[in-house]
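Here are my notes on this model, as numbered points. Please read them with the structure open.

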Amino acid sequence: MSIKNNVCIITGASSGIGRSLAFEMARRGAKLSLAARSADKLNELKNALQTQYQAEILVVPTDVSDETQCENLINKTLEAFERIDILINNAGISMRALFVDVQLKVLRQLMDVNFWGTVYCTKYALPSIIKTRGSIVGVTSIAGFHGLPARSGYSASKFAIHGFLETIRIENLKNGVHVLIAAPGFTSSNVRKSALTADGTPQGESPRNEARMMTSEQVARKIANGIRFRRRNIILSLKGKISVLFQRVLPIMLDRLFYNAMAKEPDSPIKNKK
């Protein structure tokens with residue numbers, strides 16, 4: 001599948017993986033509809049992309065947890081470009097707290113953004129994507145294959161996205177719709193800085209060494225290649241691939257490995273827990 005001249009919507013485009021996806025898709029010649037909550041950041045990104053790639057860019061400030069705003073994003077994109085070839089559901093937030101401590105409003109917020117944001121955008125974009133035999137992408141996580149301690153709401157939302165997108169894939173087997181589930185491991189981006197704590201406030205600083213992680217640019221290239229070659233699922237790190245294998249054959253061992261790894265984080269909420 002050629003990406004050049006395809007109309008591509010990217011949610012959560014203002015930072016991290018979403019921003020890197022915008023540069024990668026523009027480099028490959030796509031026409032972009034960029035969505036995020038911050039209009040200022042989107043316009044700054046638009047200017048950078050137009051300067052570097054002379055790309056056709058539409059900016060639509062959007063809170064994906066709001067169904068009406070997601071519908072507006074799709075409508076504005078169709079008004080501007082008359083088609084949608086690729087929808088990349090990238091917008092998302094994380095969390096870091098034990099379930100016993102976390103306020104339920106935090107889990108609702110994660111589901112609203114991560115899961116329902118994907119559902120809303122896919123719902124309104126799907127008719128056009130069926131016409132173009134295009135692609136729907138979910139940027140998920142290894143946490144969607146095996147639960148991560150202190151990330152109950154995050155894992156739940158990613159599991160839900162997996163089930164949803166797999167069903168969309170099967171329902172559209174005869175429509176030529178391509179569905180890609182892309183699961184990065186820990187990626188150097190600001191998602192952990194904005195991860196919610198037990199009371200819903202952002203944690204501020206990442207508890208992990210980001211210098212040792214895959215960069216958002218590397219993730220974006222792999223996702224773009226997954227779209228180009230119409231891949232089904234891509235797991236974007238060696239540790240992630242090993243984790244998915246262990247989940248199938250050694251799940252008890254994986255439970256312990258994940259517990260011990262999360263307990264070693266600075267100020268881990270599960271440290272010293274019995």
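Predicted model: local features only at pLDDT ≥ 70, side-chain atom pairs only at ≥ 80, totals over all residues.

1. Helix α6 gives the most, with three residues.

2. Helix α2 covers residues 39–53, 15 residues in total. From first C-alpha to last, α2 reaches 21 Å, close to the 21 Å expected at 1.5 Å a residue.

3. Which residues of α2 are buried? They are L42, L45 and L49. Seen down the helix axis, these buried residues fall within an arc of 65°, so they line one face of α2. As a rule, an α-helix has 3.6 residues a turn, so residues three or four places apart point the same way. The face of α2 turned away from the buried side carries exposed residues, D40 and T51.

4. R27 belongs to helix α1, which runs over residues 16–27. Its relative accessible area is 47%. R27 therefore counts as partly exposed, since exposed requires over 50% and buried under 20%.

5. What does the side chain of R27 make a polar contact with? Its partner is the side chain of E24, at 2.6 Å. Check Q52 as well: it sits 25 residues from R27 along the chain, and the two C-alpha atoms are separated by 8.6 Å.

Note on methods:
Residues numbered from 1 in each chain as written. Heavy atoms only, no water. Helix = DSSP H or I, 4+ residues; strand = E, 2+ residues; numbered from the N terminus. Buried < 20%, exposed > 50% of the residue type's maximum accessible area, 1.4 Å probe, protein only. Polar contact = N/O pair within 3.5 Å; in protein donor to acceptor, adjacent residues only side chain to side chain. Expected span 1.5 Å × (residues − 1). Arc of directions from axis to C-beta.
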